[in-house]
Amino acid sequence: MKAVVWHGTRDVRTEEVPDPRIEEPGDVVLRVDASGLCGSDLHLYEVLGPFMNEGDILGHEPLGTVEEVGPGVSALAPGDRVVVPFQISCGHCATCGSGLQTQCENTRDDEQGTGAAIYGYSSLYGSVPGAQAEYLRVPRAEANAIPVPSHGTDDRYVLLSDVLPTAWQAVKYADVPEGGSVAVLGLGPIGDMCCRVARHLGAGRVFGVDPVPERRGRAASRGVDVFDPSGGTDDLIGTIRERTRGQGPDAVIDAVGLEAQGHGSARLAQRITSFLPKGAAARLMETAGVDRLSALQTAIELVRRGGTISVIGVYGGTADPLPMLTLFDKQIQLRMGQANVRRWAPDILPLLDERDVLGVEDFATHHVGLDGAADAYAMFQAKRDGAVKVLFRP
């Protein structure tokens, strides 16, 4: 089969690889009909190379058709259309039962100290073959694969694998009061969808911040007050405070996280790792502060006293300085974490009907075949050609 394969920093290729097969009784093999290119994939493309192995198959946002089922699978059958969450969970341990599938006790990597296994996402999360491919092995399928209607476009449902539940959790964690205000930092696919979900769930004012004009334009077309941060943090914070009675918004969502291209000293640290032996580079990434925290610092300054910050952008370093005095003094609530897809899917799935209240049908800006993966990654990283969401059609 064809698959998108990692070969090094900024080096992804579409190659022929062996087809997946049933390995455990609970497996299914999925024919992938659509698969997303995620902002987190850019971290593997540029930043987290020390945790990758040459030949790793990328991708973690699949929708497809069941081709084959293992002998332990009774709730799924060949021909079923399903969305597969980006994380793999067991569905029956204590953490899964409490809605924290990302912390699954039976799939997390205790040796690495990380949570539930993730498709196509490095040795940090199990080195599981990914979904930017023609076929995908889905382990623990009955606990993970989410059946969706056979009618409707792929675009309608594929975002349920990651983008929709990630944005939904970010807004829920932000705890925006009814009619309250929220600022979203970063208007890539997750930040854009956060704005839509926040408005749907009752936020009175939604502010969107991003330096890319096309991304601001998309959000503005759906009623978001947008801002270009290029003028400086002080101007941005002052302007938004003016529009929130001088207080700042009730909540801020950091949808930026670790910048996939790096910046300044963070970029230098990221580039250094590409020249180190893999083991040494991994240790540096795990122990050094290689993130640029400007978005989180802005969130801390911007949010009103007693407000909430929801961090949905992924961070990678462990030595990042934080203004703990400010966090404590302003009595800020801070919530974060990978999205627990199965927890939120029942709330989201009813919205994916003909009304299309979240605008999923035209959310993707680009549809490409697997053979176009190298160009798609480069375009998405550079934010060229209005790229916000890229979907592969194997």
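How many salt bridges does a search of the whole structure find? The search finds 21. The model is predicted. The views below take up some of these contacts, along with aromatic pairs and charges over rings.

**View 1. Lys2 and Asp371 form a salt bridge.** The closest N and O atoms are 2.9 Å apart. Lys2 belongs to strand β1 (residues 2-8). Asp371 sits in the loop between β14 (366-368) and α14. The pair therefore ties together parts that are 369 residues apart in sequence. Lys2 is partly exposed, at 28% relative accessible area. Asp371 is exposed, at 57%.

**View 2. Lys389 and Glu61 form a salt bridge between buried residues.** The closest N and O atoms lie 2.6 Å apart. Lys389 is in the loop between α14 and β15 (390-392). Glu61 is in the loop between α1 and β4 (62-69). The pair links distant parts of the chain, 328 residues apart. Both residues are buried.

**View 3. Arg31 and Asp33 form a salt bridge.** Here the closest N and O atoms are 3.2 Å apart. Arg31 is partly exposed, with a relative accessible area of 31%.

**View 4. Salt bridges link Arg81, Asp154, Asp155 and Arg393 in a network.**

**View 5. Tyr45 and Tyr377 form a tilted aromatic pair.** A search of the whole structure finds three aromatic pairs. Tyr45 lies in helix α1 (residues 39-46) and Tyr377 in helix α14 (residues 373-382). The pair therefore ties together parts that are 332 residues apart in sequence. Tyr45 counts as buried, at 6% relative accessibility. Tyr377 is buried too, with a relative accessible area of 0%.

**View 6. Phe207 and Phe227 form a tilted pair.** Their ring centres are 6.0 Å apart, with the planes at 50°. Phe207 lies in strand β9 (residues 205-209). Phe227 lies in strand β10 (residues 225-227). The parts tied together are 20 residues apart in sequence. Phe207 is buried, at 0% relative accessible area. Phe227 counts as buried at 10%.

**View 7. Two arginines lie over aromatic faces: Arg218 over Phe363 and Arg335 over Tyr173.** Arg218 is 5.0 Å from the ring centre of Phe363. Arg335 is 3.7 Å from the ring centre of Tyr173.

Technical notes: Residues numbered from 1 in each chain as written. Predicted model: local features only at pLDDT ≥ 70, side-chain atom pairs only at ≥ 80, totals over all residues. Heavy atoms only, no water. Phe/Tyr/Trp six-rings, centres within 6.5 Å; stacked < 30°, edge-to-face > 60°. Helix = DSSP H or I, 4+ residues; strand = E, 2+ residues; numbered from the N terminus. Buried < 20%, exposed > 50% of the residue type's maximum accessible area, 1.4 Å probe, protein only. Lys NZ or Arg CZ within 6 Å of the ring centre and 35° of its normal. Salt bridge = Lys/Arg side-chain N within 4 Å of Asp/Glu carboxyl O.
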